[in-house]
Amino acid sequence: MKKLTILAILFLSAFGSLAQPGIVAHRGFYKYEGSAENTISALQNTIDHDLYASEFDVRFTSDGVGILYHDAAINGRPIEDARYHDLYANPAFTLKNGETIPPLKDVLAIFKKASDEQLASRGTTTRILWEVKMPNRKERRDETIRRTAEMLKDYPLRDLVQLISFDLECCRQLAALLPDVPVAYLGGDVPPAQLKEHGISGIVYHYKVIFAHPEWVKEAHQLGMTVNVWTVNDANDAVSLSDLGVDYITTDLPLDMQHWLHKTVINPDTGEVRSEGVRLPGDSAARGIGSPQNRRQDAGHRVRQC
Ligand code: MG
């Protein structure tokens, strides 16, 4: 039996995984020498490593320029109230790794160029998970939704984009404005069936929410929706989530994640396919932290940062 299992591992290693989650680099593949989150280098790293997708955060300046930035303000100045060139003149616009905060249009151009090369070389392309960061003021919120739709209206890779947001109303409106672009909700507090009624086609929930509500994976799939989880940086959590059947895993450690998900085993007696992650000494399962009960408790302490 042991020999058969080893053969199964070798087979899957040679020919790729079976139904393993796609790996999404959180804010680009930024944990890389000389890189930083939400930068051109981080996104290029994602492409160069042929990862399934890259997530990044988009905000719009007061004069309508999309930029990649996680926080609402740069050096205390709210992005939604600042003109692009005023921000650009701010020393904080240069990040610690020497790059400047990238304009969205440059990022979209990089993915377009890369997709042509990737399609020629391997037949697939790195996808885009575009998080729509909502500003505080009502008029800016409406503008953000409108500008997001405008940016995507003529983008040739729109079929490779998934829009994601913590703001349910934003998701609803984008799904109505862009019916052919998948939209997924980040909030973690709504069952998939309710989202489906509003045209939302996926959930991107904190992994502890999915541990607390594993039934949402099946519910989503029965409705034709996708399931993504964030931000998973632990081998045992990754394997557990893969076993639950999530479609995508968002991580700060994409190469580690490749390793954790790679070791896939077929039970030769039953034919069951499952992933066997690297069980680390003192792992969360051994400490009991990962028990279903504790995970449900943990789910009440979510942090709204994706
Ligand atoms: Mg994000």
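pLDDT is the predictor's confidence in each residue, from 0 to 100. The structure is a predicted model, in which local features need a pLDDT of at least 70 and side-chain atom pairs count only at pLDDT 80 or more, whereas totals for chains, interfaces and linings use all residues. Residues are numbered from 1 along each chain as its sequence is written, and side-chain values use heavy atoms, with hydrogens and water left out.

The protein chain has an average pLDDT of 85. A score of at least 70 is reached by 81% of the residues. Over residues 1-18, the pLDDT is below 50. This stretch has 17 contacts (heavy atoms within 4.5 Å) beyond near neighbours in sequence. Residues 279-303 also have a pLDDT under 50. For them the model has 32 contacts beyond four places in sequence. Where pLDDT is low, the predicted coordinates should not be read in detail.

The secondary structure of the protein chain comprises 13 helices and 13 strands. Helices (H or I, at least four residues) and strands (E, at least two) are DSSP runs, numbered from the N terminus. Of the 306 residues in the chain, 51% are buried. Here buried means under 20% relative accessible area, exposed means over 50%, and partly exposed lies in between (1.4 Å probe, protein chains only). Among contacts with a separation of 6 or more, 56% are between residues 24 or more positions apart.

Helix H2 spans residues 40-48. Its residues Ala42, Leu43, Asn45, Thr46 and Ile47 are buried. The cover over the buried residues of H2 includes strand S1 (22-25), S2, strand S3 (66-68) and H4. After H2 comes Asp50, with a positive phi near 50°.

Helix H4 covers residues 104-122 and contains Lys112. Lys112 is partly exposed, at 27% relative accessible area. Residues up to four places away in sequence aside, Lys112 touches Tyr155, Pro156 and Leu157. Thr126 lies 14 residues from Lys112 along the chain, with 9.9 Å between their C-alpha atoms. Ser115 is also in helix H4. Ser115 is buried, at 2% relative accessibility. With residues up to four places away in sequence not counted, Ser115 touches Thr125 and Leu157.

The whole structure holds 18 salt bridges. A salt bridge is a side-chain nitrogen of Lys or Arg within 4 Å of a carboxyl oxygen of Asp or Glu. One of them joins the side chains of Lys105 and Asp106, at 3.2 Å from N to O. Lys105 is exposed, with 57% relative accessibility. Asp106 is partly exposed, at 32%.

Another salt bridge pairs Arg141 with Asp167, at 2.1 Å from N to O. Arg141 lies in helix H5, and Asp167 in the loop between strand S7 (161-165) and helix H6 (168-177), so the pair ties together parts 26 residues apart in sequence. Arg141 is partly exposed, at 25% relative accessibility. Asp167 is buried, at 15%.

A further salt bridge is formed by Asp180 and Arg158, whose closest N and O atoms are 2.5 Å apart. This pair links distant parts of the chain, 22 residues apart. Asp180 sits in the loop between H6 and strand S8 (183-185), and Arg158 in the loop between H5 and S7. Arg158 is buried, at 18% relative accessibility. Elsewhere, salt bridges with shared partners join Glu80, Asp81, Arg137 and Glu139 into one network.

A search of the whole structure finds one cavity of 30 Å³ or more. On a 1 Å grid over the protein atoms alone, a cavity is a set of points where a 1.4 Å probe fits but cannot get out, and lining residues have an atom within 4 Å of a point. Grid points are joined across faces, edges and corners, and a volume is the space filled by probe spheres set on the points. The largest cavity contains about 110 Å³ of space. Its lining consists of 13 residues. Closest to the centre are Arg59, Phe60, Glu80, Pro135 and Thr144. Strand S2 (53-60) and helix H5 (138-153) are the elements that give two or more residues to this lining. H5 supplies the largest share, four residues. By class, the lining of the largest cavity has five nonpolar, two polar and six charged residues. Ala, Val, Leu, Ile, Met, Phe, Trp, Tyr, Cys and Pro count as nonpolar, Asp, Glu, Lys and Arg as charged, and the others, Gly among them, as polar.

Key
On a 1 Å grid over the protein atoms alone, a cavity is a set of points where a 1.4 Å probe fits but cannot get out, and a pocket is an open set with protein on both sides within 12 Å along at least five of seven lines; lining residues have an atom within 4 Å of a point.
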